[in-house]
Amino acid sequence: MSRSRQAALLARHLSEVTGVEVGLYYDTGARWIAMWADGPLQEEMRAHLGAALAGHHYVDMRDREIDCHRSTSQRAWAARAIASRREGTLGPAIAEGAAHRRSLGVGMPRPGVHGPTHTHEYYALLRHVDDLCRGTAYPERASAPEDEPLIGQLLAAGTRDHANNSRPTVSEYDMATALLAAGQAPAGDRPSKLTLLQAPEEGHRGE
């Protein structure tokens, strides 16, 4: 069996055991890259990969250097943001992050370049949720049943139609703008309903 065929079978096996679509792509030399979105953390995928290579089905891949790379979806970003808000950690994280940026003297974009909503709080929100996505296994899953409708609202608020009639796109930058516009709940508050506002036309990260 060719190595490419074994790589395809190994990718299928990893997809089955993790429940997410895994691709295994040749890079250069003896290097391959396993890629997937959301799902297990990189260390968890490495454990699945090690267990598979320890068997006798993929012997031609044992001497390959296989790197693991996980990306996260916009769905994952929305799910982590809503979970953090429900748990009462979003507001404090934004306040702490914004205060830290100010203490460091971090500069802001020039006025009018990225819109008035792009504040220290905006960037602190982006970083907090990005960190949650990176550190959470299966970040795309709702952490509680009541999160599901709010995740849908946030995704809708971050969706933008294009004048050239291309497919609408969802942006975490627009979701962050909408989430801040809706107002953060204070620590410990567990709101049952969140009314999100549509993000303005210019909702892009400036740094």
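**Helix pair and a buried helix**

Mentor: The axes of helix α1 (residues 3–18) and helix α2 (residues 42–54) come within 10 Å and cross at roughly 125 degrees. Axes are lines fitted to C-alpha atoms over the stretch in contact, and angles run from 0 to 180 degrees between N-to-C directions. This is a predicted model, where local features need pLDDT of at least 70, side-chain atom pairs count only at pLDDT 80 or more, and totals for chains, interfaces and linings use all residues. Residues are numbered from 1 along each chain as its sequence is written, and side-chain values use heavy atoms, without hydrogens and water.

Trainee: Which residues of α1 and α2 make the contact?

Mentor: From α1, Leu10, His13, Leu14, Val17 and Thr18; from α2, Met45, His48, Leu49, Ala52 and Leu53. Contact means heavy atoms within 4.5 Å.

Trainee: And by class, what does the contact of α1 with α2 have?

Mentor: There are 7 nonpolar residues, 3 polar and no charged ones.

Trainee: What covers the buried residues of α7?

Mentor: The cover includes α3 (74–87), α4 (90–104), α5 (120–135), α6 (147–157), β4 (159–160) and β5 (169–170).

Trainee: What about the start of α7?

Mentor: There, a side-chain oxygen of Ser171 reaches to within 3.0 Å of the backbone nitrogen of Tyr173. Just after α7, Gly183 takes a positive phi of about 90 degrees.

Terms used:
Helices (H or I, at least four residues) and strands (E, at least two) are DSSP runs, numbered from the N terminus. Ala, Val, Leu, Ile, Met, Phe, Trp, Tyr, Cys and Pro count as nonpolar, Asp, Glu, Lys and Arg as charged, and the others, Gly among them, as polar. A polar contact is a pair of N or O atoms within 3.5 Å; within protein, one must be able to donate a hydrogen and the other to accept it, and residues adjacent in sequence count only if both atoms are side-chain atoms.
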